[in-house]
Amino acid sequence: GRPVLPGARPLLRRAASIRKMSSTHEKGKSKARTKLLIDIQNAVQECWEEHRVFEAEPGNKPPAPGEKFFGTFPYPYMNGLLHLGHAFSLSKLEFGAAYHRLRGSNVLLPFAFHCTGMPIKASADKLAREIAQYGSPPVFPVADEKSSAEVSEADQVAVVPGKFKSKKGKAAAKSGVQKFQWEIMESFALPDQEIARFQDPYHWMTYFPQLAKDHLKDFGLGCDWRRSFVTTDINPFYDSFVRWQMRKLKKLHRIVKDMRYTIYSPLDGQPCADHDRATGEGVQPQEYVLIKMEVLSPFPPKLKALEGRKVYLAAATLRPETMYGQTNCWVLPDGNYGAFEVNDIDVFIMTARAALNLAYQHLSRVPEKPTCLAELSGSDLIGLRLRSPLALSETIYALPMLTILTDKGTGIVTSVPSDSPDDFMALQDLVTKPALRAKYGVKDEWVLPLKVIPVINIPEFGDKSAEKVCFSLKIKSQNDKEKLAEAKRMTYLKGFTDGTMIVGEFSGRKVQEAKPLIRKKLLEEAMAVLYSEPEKKVMSRSGDECVVALTDQWYITYGEDEWKQKAVRCLENMNTFSAETRNGFEHTLGWLNQWACSRSFGLGTRIPWDEQFLVESLSDSTLYMAYYTVAHYLQNGNMYGKEISSIIPEQMTDEVWDYVFCDGPAPKSDIPCALLCKMKQEFEYWYPLDIRVSGKDLIQNHLTFSIYNHTALLPEHHWPRGFRCNGHLMLNSEKMSKSTGNFLTLKEATAEYSSDATRFALADAGDGMDDANFVTETAESAVLRLTKELAWMEEIIASESSLRSGPPTTFADRVFANEMNIAVKETEKSYDAFMFRDALKSGFYDLQLARDEYRLCCRMAGMNCDLLWRFMDVQTRLITPICPHYAEHVWRKLLRKDGFAIKAGWPVAGAPDPTLRSANKYLQDSIVLMRKLLKAQESGSKKPKKGAAPLPPSSEGNKLTVGLIYVNEHYYGWKAQCLKVLQSKFDSETCSFATDEEINEALKNCFVGQEGTDFGQVQKQCMPFIKLKKVETSNFGPNALELKLPFSEIDVLEQNLELIKRQLGLEHVEVLSTSDEATVAKAGSYVSVLNKTPPSPGEPVAVFMTRQAFEAPQN
């Protein structure tokens, strides 16, 4: 029988009582309204749980197109609570899956929990250190000392691994006020005794996943929870799956051991991937050529201790080809430098930050620990005599530059004034400002006369490009940063692409050819070394600043040519739902290279052949969508894989995994053959993955990695079909931030607004790649709308016997039925495109407007009962993917339908009638216009149109109760000519018009030569009309170009005379044609109105008069 929702009768009684609430409550702030929705939600979820409606089972044969839908969401990291940002991205999958379930597809939506990597272990360790230092519960230092706390507010909430460089990156959200880890745990409303347990990282893995699952159930996620799992070796089955994946990649030579530059955390002692970072996600190593500028004797006093060593100022450059033009080098006068040992002979002078990077790149006498032999200021270095590689000047000097940034490069900067606008202006300042030279002790002979050594000839800029562009832009000094940035933009790229070397052994070669050759020469002849540092500052979650290290570790060979071509082919056949998403993938495929896949610290799965290392968290999360298809067989519904099942982890050998996922041969196994076949068949049924929904930040790593791994490990017919990405979520038009209080967890949102109102506001927040906006007023409004709709339906059902029955007969009936057909078709298009704001507009807002208009047109008793029942049915189905609890309640308790709303099927709809919609718009617009005309005439000040004569006012004793509506259903004159031109210039195949120039020329040919015609005046008159008709053609098709409307205006108006009378408060209305002189005469003294503003198709003209004037005999 039909399942019964628990507690249904009290809910219905409360729905009826909602109607009696005060106006204050009608603003959506009523707790009673929210409580009603939450009670409905709880009852519906209990019923869903009882009937296991979201547990997905495969069919007995391969699915036909559209028969199944398998979608996934990147499992969130379990170091805190899920927040609205997670819910927003997840809602895109949830709404899409619910739509396909509603349509009858077999839907699988699983969900899992990520615990691999650094964040949990780092947080647990920090908590342990705080307890050891401050006690349990701890007594922390006073507030002004708290700034030294180790953990940022970013760790208060769960994060999805990997980030995307965007206009509004999440890095900014992670740089708020810092907190102790204990305080972060307190923000989760945990008691002190419970907080202390989180010193054990495995406690995080048992606590937060279950909490997340509960919150997602409250949200109404249509998930098959039997397939959920937790990552890391805590789950032996998932651990086995990841080991198989890694071994298979290695056999395919997709994993190699190599020395590579990588972002590295000295404190953690291992590479720091995106998800391990508090700030700097997406940042890559930047490689420089480090020029060794030898310090010539005699050494100044500060360097005397270094005599006998080779001492170099080490300058990092991206432009080694320009080194021929060095005239000096630059130092920051008040900068802090050091002389650091590179080996037993060489000493590099640079900043301590740069020296630390070098120490992790095998360029320090003591590995990973720079040794500073002397601390120096920039002033100590001014005037040093130097011999620099490739410089045409035998000796150059170290000079002061005031704009050097010591957080970039080494703090030592080469100077090539021929090609660098910065260098040219800094040198110009020293040459032209004696006081500046005196301030820093710069001798005249070090800079005078000004020397510019040409190196590269650039078309348009010559061989002294910096000088030319600085004079062109009128740059006054080295402090003119904006103009200098523009000067570099103008010259640098052009110098590389179009420039030609004019000095050195590569003279005559293009710069882009010579650059790698000069770099090679500098390195091979020991005039330079390679140096790397992070592109931007990167802070690890452990709280230290990261460096670039040259590490020997395991790498996945993303970017390898053959593999890359497979990935490109996969992407070409995928639905990315937007051009911006596709561009993001194409860009990532263009630059992505080897990826370090091993870590030595944290949680996860051990590298099977090198167990000192763990698989890092962006490498154990690329193929797990396949694991969902069999997880329930292995884990028996337990997310940790601890329940007794028919299979034990040790039985899941590589041969078994190959058989299940890769069309491998039948394995020799203790697992029953029938069970093995069942697992394989289930995988084959659900794969390929239909869609993966994610924030755009994962394009540059996780999602692209997933494409690569699918193409490497699975046959092509199992490659993913679609990835849909969205922007981040703002809250009330501001960035979500817990430090500012502008923040909502998922649990807080569903408790405050109910899950359906939260889902409603998430659907309304936006769908594109730009950041979306969750508006709390929209959630509050949704509470009001949904509960008022329940009350209205109750009222309609209670008064059913008083309603008109039978098929639609009136104009309003037909319009209302047509609007429902349109809503069904438009909403279907929007759901298919995963555009849920549009689906909400057409499937709820527009449908409500149509219902309200129908109610207004018919009044209560005049409404058609069958149409209202159809409306309630259609609206319920269309809103089901977004507000499933509300829909389920309406479906079963109000509409008394069998089965579940979530599987009710898509509503059947006839073909929309655009002509009928146009006719109704004409009617409604005409009523609005006539109401304004009547009001103005009653006040005695209305002019029917600009330039028309004023109408005589009506006295209070002579109320205007008669309306004469004059219609002209055909276009004549210049408007007819315009339409004929547009018809001739419209291409029905492409549904487009010729250019404006062609249309203009055709108009000219029509009117030029006509006596007394001023074409300029005609054109001014015609163009607004032509523009209007082009818009109408776009909206309603080529019928808009006909010389008459596609419907009879007289029929439409006459069918709605009662409505017009009621809306305008008139006693008598007639619809008349201006083509009949007798009817025109009825206007009496108002005939001047018709002469001044004659009606035309779509623009009737109404005159109003007293009953006495109407009945008076006409002369």
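This is a predicted model: local features need pLDDT of at least 70, side-chain atom pairs count only at pLDDT 80 or more; totals for chains, interfaces and linings use all residues.
Author: Local features here need pLDDT of at least 70 and side-chain atom pairs count only at pLDDT 80 or more, while totals for chains, interfaces and linings use all residues. Residues are numbered from 1 along each chain as its sequence is written, and side-chain values use heavy atoms, with hydrogens and water left out.

Reader: How do you know that C372 is in no disulfide?

Author: A disulfide is a pair of cysteine sulfur atoms within 2.5 Å. The nearest cysteine sulfur to that of C372 belongs to C329 and is 18 Å away. A search of the whole structure finds zero disulfides.

Reader: What rules out a bond between C857 and C858?

Author: Their sulfurs are 6.2 Å apart, which is too far for a bond.

Reader: What makes a group of residues a nonpolar core?

Author: The residues must be buried Ala, Val, Leu, Ile, Met, Phe, Trp, Tyr or Cys, joined through side-chain atoms within 4.5 Å. The largest such core has 146 residues, and L84, F111, F774, I1060 and F1104 have the most contacts inside it.

Reader: Why is this core said to lie between domain 2 and domain 3?

Author: Domain 2 (776-912) and domain 3 (917-939 + 956-1111) both give residues to the core, so it lies between them. The domain bounds come from an automatic or database domain assignment.

Reader: Which residues are in contact with F111, leaving aside its neighbours within four places in sequence?

Author: Contact means heavy atoms within 4.5 Å. Among the partners of F111 are F73, L216, W225 and Y628.

Reader: How many cavities of 30 Å³ or more does a search of the whole structure find?

Author: It finds seven. For a cavity, a 1 Å grid is laid over the protein atoms alone, and a set of points counts where a 1.4 Å probe fits but cannot get out.

Definitions and conventions:
Buried means under 20% relative accessible area, exposed over 50%, partly exposed in between (1.4 Å probe, protein chains only). On a 1 Å grid over the protein atoms alone, a cavity is a set of points where a 1.4 Å probe fits but cannot get out, and a pocket is an open set with protein on both sides within 12 Å along at least five of seven lines; lining residues have an atom within 4 Å of a point. Grid points are joined across faces, edges and corners, and a volume is the space filled by probe spheres set on the points.
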